[in-house]
Amino acid sequence: MVSRFWWLAALIGIGGCLIQNLSPETRMRDSVIELNEGARWGRMDVASGHVAPAFRAQYKLSHMRWGRDIQIADTEILGMNPETDDEGQGAFSRVAVRWYDESTMVLANTVIRQTWQKHKQTFVLTNESIESGHPGLLVIPQGQPQTQPAAEPEQYDSFDDDSQWSSVY
């Protein structure tokens with residue numbers, strides 16, 4: 001009877017270890033959701049915890065207007081790809097953000113491409129860029145220094161019909 005108890009305890013312990021070993025897709029999905037939900041609801045402390053230290057200052061500057069000049073109406077994760085190369089680079093997600101500019105009260109739509117890097121057992125955000133829609137969502141306010149030099153916008157494959165992502169409804 002006692003030996004069965006030990007076998008059962010060992011089996012439960014091993015099962016718990018296996019549950020903790022989540023797939024890369026699950027770990028990336030959790031990071032993408034936590035970052036975007038934190039940013040949407042003004043929890044920059046939560047969101048910036050999922051941003052790579054080298055990109056964190058740029059991220060805070062580009063999201064500085066959120067919650068004050070820009071109100072987020074809705075966010076939707078359009079897709080993600082957790083596959084990385086040997087250095088952990090190459091993962092990305094696409095997020096649609098519907099938002100209001102407080103000065104005009106016009107609803108705008110922007111699709112953001114987020115680039116992620118695998119870091120230990122999770123993923124961290126390393127870059128964000130506007131893929132389509134209204135470009136004003138990630139604009140750094142005037143008078144604020146950029147922390148990284150502006151890079152050439154990358155060209156991405158997109159859907160054949162981008163009409164659903166018009167900038168203003």
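**Terms and their grounds**

Modeller: Phe92 has Thr115 of strand 3 as its bridge partner. The model is predicted, so local features need pLDDT of at least 70 and side-chain atom pairs pLDDT 80 or more, while totals for chains, interfaces and linings use all residues. Residues are numbered from 1 along each chain as its sequence is written, and side-chain values use heavy atoms, without hydrogens and water.

Colleague: What makes strand 2 and strand 3 a pair?

Modeller: Two strands pair if DSSP finds at least two bridges between them. Eleven bridges join strand 2 (residues 91–101) to strand 3 (residues 106–119), so the two count as paired; they run antiparallel. Their hairpin has four residues between the strands, and Met105 takes a positive phi near 55° there.

Colleague: How do you know that strand 3 and strand 4 pair, and in which sense?

Modeller: Ten bridges link strand 3 to strand 4 (residues 122–133) in the antiparallel sense. Arg113 stands opposite Ser129 in strand 4. Two residues lie between these strands in their hairpin, where Lys120 in the turn has a positive phi of about 55°.

Colleague: Why are strand 1 and strand 4 said to stand at the edges?

Modeller: The open sheet has four strands in the order 1-2-3-4, with antiparallel pairing. Strand 1 (70–81) and strand 4 each have a single partner strand, so one side of each is left without a neighbour in the sheet. From one strand to the next, the twist averages 25°. Helix 2 (residues 24–40) packs on the sheet and touches strand 1, strand 2, strand 3 and strand 4; contact means heavy atoms within 4.5 Å.

Colleague: How are the elements of the chain defined, and in what order do they run?

Modeller: Helices (H or I, at least four residues) and strands (E, at least two) are DSSP runs, numbered from the N terminus. The chain has four helices and four strands, in the order α-α-α-α-β-β-β-β.

Colleague: What share of the chain is called buried?

Modeller: Buried residues make up 33% of the 169 residues; the term means under 20% relative accessible area, with exposed over 50% and partly exposed in between (1.4 Å probe, protein chains only).

Notes:
Axes are lines fitted to C-alpha atoms, for helices over the stretch in contact, and angles run from 0 to 180 degrees between N-to-C directions.
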